[in-house]
Amino acid sequence: MMLRFAFARNICRFNQSSALPVRSFHVARAVNSSEGLRDVLVKEMETEQELGVPPKFSDDIRGFKVDYTPGIPVINLTNVVDGDIVKVRLNLNECDMPEASPYEEQEEEEDEAISPRPVFSVSISNEAKGKSLMLSAFIEAENLVITRMGVKPNNIEEDSEFEKVYFTDFQHLDEKVQEQTASYLAEKGIGAELCREIEGLVADAEYNEYLKWLQDTSDFLK
C-alpha cells in the first residue's frame, strides 16, 4: 500500500558536528548546573515559539473519532464500519521521529521531507461473533507494514492479549493472503488516506508533546 505523501514537521535541534558519532557529557563545576540547563531549554522554547509551526488537531479524521489528550502519549482512533468496531491505537513513545535539521539549514533542504514512523495496533471487533481481528503495523517509506495478525475473544483484556492469543508473523504469509488483507483493511477504512492522516497526527502530537516537555522540564529546574 503506497503512500504518495510525506508529512514534514520540523523540530528544532542544536547544530552539532557530524564528525562526532558519539555525544559526550562532561561534568563541570558550576555554581548551579540546573540554571545552565534551564537556560538552554528556555532558549529552545523561544526558538520554537518564533520559528515553529503550531500543531493543529481535529476530532475526526477520515470518519475516525480521534481521542488525544495532550500530555498522554496514547492516541485512539475509533470508527464503526459495516457493524464492526474498528480501532487504531498508537503510543507516541513507540513511534520513531527522525531528527530534523536546524532551522537555519532547512531552506536548503526544502525538497527533503521528514516523516514520522507511526507504530500502531488495529482491532476490528464483531460483537455478534464475540471476537476481534488484531493486527500490529507501522508505516515506513510510504508503505503500510503489517507485522503480526491474530484473532482474540472479546473477553480477553488488552493487557493480557499477547499472553493468551497467538499472533502469526504476517511477513511469512502467502503474498495473496497479504494482498487480500490489505484490501480488507481498506474496506474497513484502514487505507492509504488514513495512513497519511496518521502520519500527520503523529507528527503534530509528537511536536506538541515536545513543547510540553520543554516547559515541564524547565519548570522542574526552577
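The average pLDDT of the chain in this predicted model is 82, and 76% of the residues reach a score of at least 70. Residues 1-31 have a pLDDT below 50, although this stretch has 69 contacts in the model beyond near neighbours in sequence. Where pLDDT is low, the predicted coordinates should not be read in detail.

Helix H1 spans residues 33-51 and contains Glu48. Is Glu48 buried or exposed? With a relative accessible area of 3%, Glu48 is buried, because this value lies under the 20% cut-off. The side chain of Glu48 also makes a polar contact, at 2.4 Å, with the side chain of Tyr207.

A second topic is strand S5 and its pairing. Strand S5 covers residues 119-126 and is mostly covered, as 7 of its 8 residues are buried. The pairings of S5 are listed below.

| Strand paired with S5 | Sense | Bridges |
|---|---|---|
| S4 (residues 84-91) | antiparallel | 6 bridges |
| S6 (residues 131-140) | antiparallel | 8 bridges |

Ser121 in S5 has Arg89 standing opposite. On the other pairing, Val122 is found opposite Leu135 in S6.

How many residues lie between the strands in the hairpin of S5 and S6? There are 4 residues between the strands of this hairpin, and Gly130 adopts a positive phi near 70 degrees there.

Note on methods: Residues numbered from 1 in each chain as written. Predicted model: local features only at pLDDT ≥ 70, side-chain atom pairs only at ≥ 80, totals over all residues. Heavy atoms only, no water. pLDDT = per-residue confidence, 0-100. Contact = heavy atoms within 4.5 Å. Helix = DSSP H or I, 4+ residues; strand = E, 2+ residues; numbered from the N terminus. Buried < 20%, exposed > 50% of the residue type's maximum accessible area, 1.4 Å probe, protein only. Polar contact = N/O pair within 3.5 Å; in protein donor to acceptor, adjacent residues only side chain to side chain. Pairing = 2+ DSSP bridges.
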